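Thanks for coming, everyone. Let me put the model on the screen and walk through a few places in it.

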Amino acid sequence: MKNLVALVGFMLLYQLIQNLANLSLFSAQLANVNPGIITTIWSTNPLFSAIADAIFFKQTLKYFHYVGMFALIACGILISLRDIIYTQEAQPGAAPALPQILPAWVAVMSGIILTMCFTANQILCKHFKKEKQFDLNHLSYFTFGLSSMFLLVIAVVVWTNGSTQAFNPSSFLWGTLGSIINFVGKLCVQNAAANGPLGPAMAIVSTTSIFLIAVEVLFYNQILVLTDWIAIVLGLFGIFELIFPQVFEKL
């Protein structure tokens, strides 16, 4: 019974994270806070994860772990603050700024709470693997599969009860494909978190920012600025240091 309660709690935490991510960005819009501030807060997740890992599992890190981890955190911060560092003039005819509805601290706190939830999620993965001897693959199938079915039922109910937005098969298929890719990614993240030091594992996950830059350059003709290049160098250095630690152990 305790295991079932733990599994349901893990599933609810996963759903909370998904909703908090959207809520954080939406609250930033209502508070007229640059979304880069919120994503910068998110990028500190590896630091919180490393601290929690040391507290709950007595995980120790070597100096090159810290160097690689902070390099990747700096990479995420530089990318997140791009729009703040390089402020662009408002274009003629652009939509006026929305009135501030929420105080700025609400948006900031939502970002901090989400970061804490990220950390709690990975700590639970490690706990289930090390203390409860759970198979993380089965845990993932249960958590993500049941969550997806729950959301699908809600979507079907909304569509069949006079929703103003008609059902779009193309969007549904693309959304399903995205969910499958997300599931594979989450499965890899949970295994990395459960089987190794949590901070460096989460730092490597944060390199998604580099891949997003590559997509913007290739498909949207994004011009890289100085901070982008610095972030890419820091990110690649951090990845190399954490994936090939034997190179730095000899230093």
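N182 is partly exposed, at 35% relative accessibility. The cut-offs: buried is under 20% relative accessible area, exposed is over 50%, partly exposed is in between, with a 1.4 Å probe and protein chains only. N182 sits in helix 8, residues 169-195. Helices here are DSSP runs of H or I, at least four residues, numbered from the N terminus. The C-alpha of N182 lies 9.6 Å from that of F144, and the two residues are 38 apart along the chain.

Some ground rules. This is a predicted model: local features need pLDDT of at least 70, side-chain atom pairs count only at pLDDT 80 or more, and totals for chains, interfaces and linings use all residues. Residues are numbered from 1 along each chain as its sequence is written, and side-chain values use heavy atoms, with hydrogens and water left out.

Now the inside. Which residues make up the largest nonpolar core? There are twelve: L13, I17, L20, A21, A28, A31, V33, I38, W42, A107, L114 and C117. Helix 1 (2-30), helix 2 (35-42) and helix 6 (104-130) are the elements giving two or more residues to this core. Helix 1 gives the most, with five. By a nonpolar core I mean buried Ala, Val, Leu, Ile, Met, Phe, Trp, Tyr and Cys residues joined through side-chain atoms within 4.5 Å. In soluble globular proteins, nonpolar side chains tend to be buried together.

Take C117 from that core. Setting aside neighbours within four places in sequence, C117 contacts L13, L16, I17 and L20. Contact means heavy atoms within 4.5 Å.

Next, S49, in helix 3. Is S49 buried or exposed? S49 is buried, because its relative accessible area is 0%. Not counting residues up to four places away in sequence, S49 touches T119, L198, G199 and M202.

Two elements give two or more residues to the patch: helix 3 (45-57) and helix 4 (63-80). Helix 3 gives the most, four residues. Y66 belongs to helix 4. Y66 is partly exposed, at 39%.

How is a patch built?

Aromatics next. How many aromatic pairs are there? One. Y63 and F64 pair edge-to-face, 5.6 Å centre to centre, with 80° between the planes. The rule: Phe, Tyr and Trp rings (six-membered ring for Trp) pair with centres within 6.5 Å; planes under 30 degrees apart are stacked, over 60 edge-to-face, the rest tilted. Y63 is partly exposed, at 43%. F64 is buried, at 2%.

Last, backbone. Most residues other than glycine have a negative phi. N32 has a positive phi, near 55°. N32 is in the loop between helix 1 and helix 2, and is partly exposed at 42%. K58 also has a positive phi, near 55°. K58 is in the loop between helix 3 and helix 4. K58 counts as exposed, because its relative accessibility is 65%.
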